[in-house]
Amino acid sequence: MLLIAAASLPDVPLENAIPYVAAAYIGIWVIFFAYLLVLGGKLSGLRRQVEALTEEVERKKKTKKASV
Amino acid sequence: MALRMRVFYVFAGLAAVLTLAGLYGTFYATPLEVTAIGFTQKIFYFHVPMAITSGVAFGITMIASIAYLVKKDLKWDVWAYVGAEIGLVFGAALLTMGILWTRSTWGEWWTWDPRLTSYLVVILLYGAYFVLRSSVEHSGERARYAASIGVLGYITVIFTMLSTRILRSIHPVLFKLGKSGFESGIEHQMLITFLVAMFAMFTLCGALVIAKVTVENLTEEIENLKDEIGG
């Protein structure tokens, strides 16, 4: 890439650059996937909780009606 | 909620496709020989879009914080909080890439360059935003204090963006403002790959924001249902 400030940057030999570039790309996807997994886990847990609580509210309303 | 989840899947799908296309462009479609820095330039295709996306996410925090301060609606506080969290995720990925590039090119893991230092300040400041949130119990007060940081904190983001232009910096600059607008020495395939990576990061950010807002909304719904059962 013809970076505007590239003149002051050294050309890193390919064999030296590959491990760093690979680590950079693996590192960012590990961060994003870990965050996505945490979010996904939270979402499914919360959904289950909402469903269970909604059922409980409905049950409570029905028993209230029946007692009246 | 169903519509929101549909939008989430569209964003997530687009992010996956665009990311794969961006990676293909980065490693197969873009030339190496025109570069001054060799293979390490491959990092920039995603590094710069990530920096811009983290700025956008912190921008969501700033706008939502202003909206909260004006309207006093806690809905905006949720958006501000979500923007800061997603901004930090992108920030962490950005720093990871940057540090590895610094090590490969400059031979050091870290230098106190204005761009790196100011971005570290951004990360620490938004980290403090979460510390502050967890230390205030009353939701209204918490939202007000957090909104103040959300608005003022964006000054550090703007400063980071300008740091390579107003201070002596060795950080590479991809675009600069010239007489005919933004100028860069990027070739056509490089620009296309860069733009694809940019849209990949934007759509990923959108998907993460929607997922996180949904988590916050569900948490609130659970609290309401618990109150209903308790009452």
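Q: Which residues of α4(B) are buried?
A: In this predicted model, the buried residues of α4(B) are B:Arg115, B:Leu116, B:Ser118, B:Tyr119, B:Val122, B:Tyr126 and B:Tyr129.

Q: And what do they pack against?
A: Helices α2, α3, α5 and α6 of chain B are the partners of those buried α4(B) residues.

Q: How far does α4(B) reach from its first C-alpha to its last?
A: It spans 31 Å over 22 residues, close to the 32 Å expected at 1.5 Å a residue.

Q: OK, what about α1(B), which residues are buried there?
A: For α1(B) the buried ones are B:Phe11, B:Ala15, B:Leu18, B:Thr19, B:Gly22 and B:Thr26. They pack against α2 and α7 of chain B.

Q: Let's zoom out. How many helices and strands are in chain B?
A: Chain B has 7 helices and 2 strands. Along the sequence they run α-α-α-α-α-α-β-β-α.

Q: What box do its C-alpha atoms fill, and what share of chain B is buried?
A: The box is roughly 70 × 40 × 35 Å along the principal axes. Buried residues account for 42% of the 231 residues in chain B. As for contacts between residues at least 6 apart in sequence, 76% of those in chain B join residues at least 24 apart.

Q: Back to helix pairs: at what angle do α2(B) and α7(B) pack?
A: About 35°, with the axes 9 Å apart. The crossing of α2(B) and α7(B) is right-handed.

Q: Which residues make that contact?
A: From α2(B) you have B:Tyr45, B:Phe46, B:Pro49, B:Met50, B:Ile52, B:Thr53, B:Val56, B:Ala57 and B:Ile60. From α7(B) the list is B:Thr193, B:Phe194, B:Ala197, B:Met198, B:Met201, B:Phe202, B:Cys205 and B:Val209. By class, the α2(B)–α7(B) contact has 15 nonpolar, 2 polar and no charged residues.

Q: Staying on α7 of chain B, is B:Val213 buried or partly exposed, and why?
A: B:Val213 sits in helix α7 of chain B. It counts as partly exposed because it has 19 C-beta neighbours inside 10 Å, and 20 or more would be needed for buried.

Q: What does B:Val213 touch?
A: Not counting residues up to four places away in sequence, B:Val213 touches B:Val78, B:Trp79 and B:Val82. The C-alpha of B:Leu120, 93 residues away along the chain, is separated from that of B:Val213 by 26 Å.

Q: New topic, the largest nonpolar core. Which members touch the most others?
A: A:Ala24, B:Ala80 and B:Met97 do, out of 67 residues in that core. Elements supplying at least two residues each include α1 (14-67) of chain A and, from chain B, α1 (2-29) and α7 (188-230).

Q: Which helix gives the largest share of this core?
A: That's α3(B), with 17 residues.

Q: Which residues is A:Ala24 in contact with?
A: Leaving aside neighbours within four places in sequence, A:Ala24 contacts B:Ile43, B:Thr96, B:Met97, B:Leu100 and B:Trp101.

Q: Last one: what's the phi of B:Lys72?
A: B:Lys72 has a positive phi of about 55°, although it is not a glycine.

Q: Where is B:Lys72, and why does it count as partly exposed?
A: B:Lys72 lies in the loop between α2 and α3 of chain B. It counts as partly exposed because it has 13 C-beta neighbours inside 10 Å, whereas exposed would need 12 or fewer.

Terms used. Residues numbered from 1 in each chain as written. Chains lettered and ligands numbered in written order. Predicted model: local features only at pLDDT ≥ 70, side-chain atom pairs only at ≥ 80, totals over all residues. Core = buried A, V, L, I, M, F, W, Y, C linked by C-beta atoms within 7 Å. Helix = DSSP H or I, 4+ residues; strand = E, 2+ residues; numbered from the N terminus. Contact = placed C-beta atoms within 7 Å. Axes fitted to C-alpha atoms, helices over the stretch in contact; angles between N-to-C directions. Left-handed = near helix turned anticlockwise from the far one by under 90°. Nonpolar A, V, L, I, M, F, W, Y, C, P; charged D, E, K, R; others polar. Expected span 1.5 Å × (residues − 1).
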